[in-house]
Amino acid sequence: MAGEIYRNLLKDFRVELRSRFAVNLSLSFAGTMTVTIGLVTSGVTLSPQITSLLLWMIFFFSAMNGLSHIFVREVDQGTFMFMNSKIGTDAVFLSKLIYNSVFFAIIQVIITPVFVFFLQVEVKCAAVFVATVFTGGLAISATSTFLAAMVSRAGGRGSLFTIMSFPLLVPVLWSAISGTIGSFEVRADCGWGNPFFLLAFSGMIAAISFLLFRHVWIEE
Amino acid sequence: MINIFRIVYILMPLTVVMAFLWAPGAEILGDTSRIIYFHVPAAWASVLSFFVAGSASIGYLFDEKNKRARLADVSHNSCVIGMVLIVLATVTGSIWAKMSWGSFWNWDPRETSIIFLLLVYSAYFSLRSALGRKERGSRISSAYLVLAMVTVPFFVFMVPRIYPSLHPAPLINPEKKLFLEDKMRITLAFSLASFTLLYFYILVLMNRISAIEARMVNKRNEK
Amino acid sequence: MKNRLTGLVFASLLLMNWVPSAYLFGKAPAAVESKKTGNSEAKDAENSEGVLWIVMIVVLIIWAGLAGLLVRIDMKTRKIEKRLDGR
């Protein structure tokens with residue numbers, strides 16, 4: 001199975017590198033939003049609450065723009081039947097999950113410094129900030145991957161994915177925003193509980209999605 | 001089994017009489033506190049319907065021998081009832097919030113949790129309409145419900161207890177006590193029982209109608 | 001049948017709960033006011049009980065309608081089930 005996961009992952013990265021559709025969409029959106037917010041607020045120091053909220057809104061909508069593509073592309077290009085015949089369902093899910101997690105981590109790595117730079121954010125607890133961003137991204141990817149599979153089978157686009165994702169991502173956003181606020185403020189504990197919660201949440205969602213994936217993906 | 005749910009024909013009017021005449025008004029809120037006998041059971045029943053839908057979905061998805069195909073309908077019907085109950089709970093809760101705290105909506109953690117549940121139901125119905133009522137559609141929407149069921153306890157049970165809330169102390173609190181007078185406690189218990197029975201009764205009726213529809217479709221297909 | 005009857009059931013359920021809520025909501029300012037002024041509490045209590053009775057009867061009437069609908073659905077489904085079973 002490890003071999004199947006690796007091959008599928010390589011294929012997905014190659015296809016994405018060739019077309020650069022999802023990465024362009026997510027990065028352009030996130031970049032545009034960051035610059036727009038920076039322009040609108042130019043010079044004004046925003047509170048930690050508003051800054052965290054803006055950062056996670058950007059991440060959330062970038063995810064909504066880009067993370068469903070990995071499954072929708074397979075259905076659109078008619079390759080999913082071939083993929084199913086060649087690769088086991090579990091390997092499909094795991095490779096897509098890893099792909100989405102890496103893809104979103106790359107988006108976050110690019111956008112976060114840009115955001116910090118344009119909005120002149122002062123990060124007091126860098127370790128907590130990085131941990132929260134990373135684990136929040138993992139949680140969003142874990143939830144979005146499974147939902148993307150559902151949306152691709154529903155033939156839906158854009159808004160259906162966002163409608164389905166938002167309620168399930170509210171705990172993630174709540175915790176991530178709280179953790180990010182903690183890293184912007186001067187506090188004794190810096191709020192390490194939130195990254196741990198996000199990590200646990202991603203693990204739980206990934207495990208449940210893994211068990212349910214075959215019911216969504218395979219045609220009966 | 002349906003006979004036991006018919007007890008609601010007696011229990012509900014009894015509850016209404018108790019709520020208006022027998023139970024006293026609360027100390028500060030007075031008669032306005034009687035809304036507790038409608039709001040709390042509606043909220044409880046909506047969460048119950050959600051868990052029933054999620055459990056039925058699990059039963060449907062992991063039914064290898066296809067013996068429980070009707071569970072998809074059970075889960076859908078439970079969601080329909082749950083949606084109505086959630087709207088009920090939200091409106092009565094807002095009215096009570098205005099009376100107690102001076103504004104209809106305060107983004108209190110418990111208020112937020114009910115809106116979150118409403119969003120989950122709405123997303124489920126959006127997905128269901130996009131998928132249609134075929135076998136595959138039922139499987140996918142059931143999978144969504146199972147995933148949603150896993151995240152709900154966090155919002156409905158954990159968050160209101162972690163973050164400070166305007167809401168009256170939840171029934172399950174650190175002191176493990178119900179901070180109500182005896183008469184109010186009994187009336188609330190009756191009210192909870194009535195709404196639970198009513199929910200199950202309506203669910204059973206809707207399931208029977210779904211089963212009839214399925215049988216008629218099968219008969220038509222056979223011809 | 002399903003959509004029409006279940007729609008009516010839900011509408012009755014909503015009404016059954018919103019009617020007392022609306023009454024209690026309307027009562028709230030008066031209750032607070034009489035507590036502040038401490039005036040004519042006995043008269044207020046008497047009026048309040050009378051209106052409480054009326055609201056309770058209205059809710060019971062709505063419940064009777066809802067119960068009637070449920071009985072009708074119950075009996076109708078049983079009839080159709082018997083017909084499908086060939087009884």
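# Exercises on salt bridges and a chain interface

The structure holds 10 salt bridges over all chains. Keep in mind as you work that this is a predicted model.

**Exercise 1.** Find the partner of A:Arg214 in a salt bridge, and work out which parts of chain A the pair ties together.

*Solution.* Start with the side chain of A:Arg214: its salt-bridge partner is A:Asp90, and the closest N and O atoms are 3.4 Å apart. That falls inside the 4 Å cut-off for a salt bridge. Last, check accessibility. A:Arg214 is partly exposed at 37% relative accessibility, and A:Asp90 is partly exposed too, at 23%.

**Exercise 2.** Decide whether each partner in the salt bridge of B:Arg70 and B:Asp73 is buried or partly exposed.

*Solution.* First look at the bridge itself, where the N to O distance is 2.7 Å. Then take the residues in turn, using under 20% relative accessible area as the limit for buried. B:Asp73 has 8%, so this residue is buried. B:Arg70 has 40% relative accessibility and therefore counts as partly exposed.

**Exercise 3.** Describe the interface of chain A and chain B, from its area down to its residue types.

*Solution.* Begin with area: the two chains bury about 2,500 Å² between them, with 81% of it on carbon and sulfur atoms. On the chain A side, A:Leu168, A:Trp174 and A:His215 lose the most area to chain B, together 26% of what that side buries. Then count pairs across the interface: there are 0 salt bridges, but 3 residue pairs are in polar contact. The elements giving two or more residues to the chain A side are helix 7 (126-154), helix 8 (159-184) and helix 9 (193-217) of chain A. Finally, sort the residues on that side, and you get 21 nonpolar, 3 polar and 3 charged. For the overall tally, the contact takes 27 residues from chain A and 25 residues from chain B.

Note on methods: Residues numbered from 1 in each chain as written. Chains lettered and ligands numbered in written order. Predicted model: local features only at pLDDT ≥ 70, side-chain atom pairs only at ≥ 80, totals over all residues. Heavy atoms only, no water. Contact = heavy atoms within 4.5 Å. Buried area = accessible area lost by both parts, 1.4 Å probe. Polar contact = N/O pair within 3.5 Å; in protein donor to acceptor, adjacent residues only side chain to side chain. Helix = DSSP H or I, 4+ residues; strand = E, 2+ residues; numbered from the N terminus. Nonpolar A, V, L, I, M, F, W, Y, C, P; charged D, E, K, R; others polar. Buried < 20%, exposed > 50% of the residue type's maximum accessible area, 1.4 Å probe, protein only.
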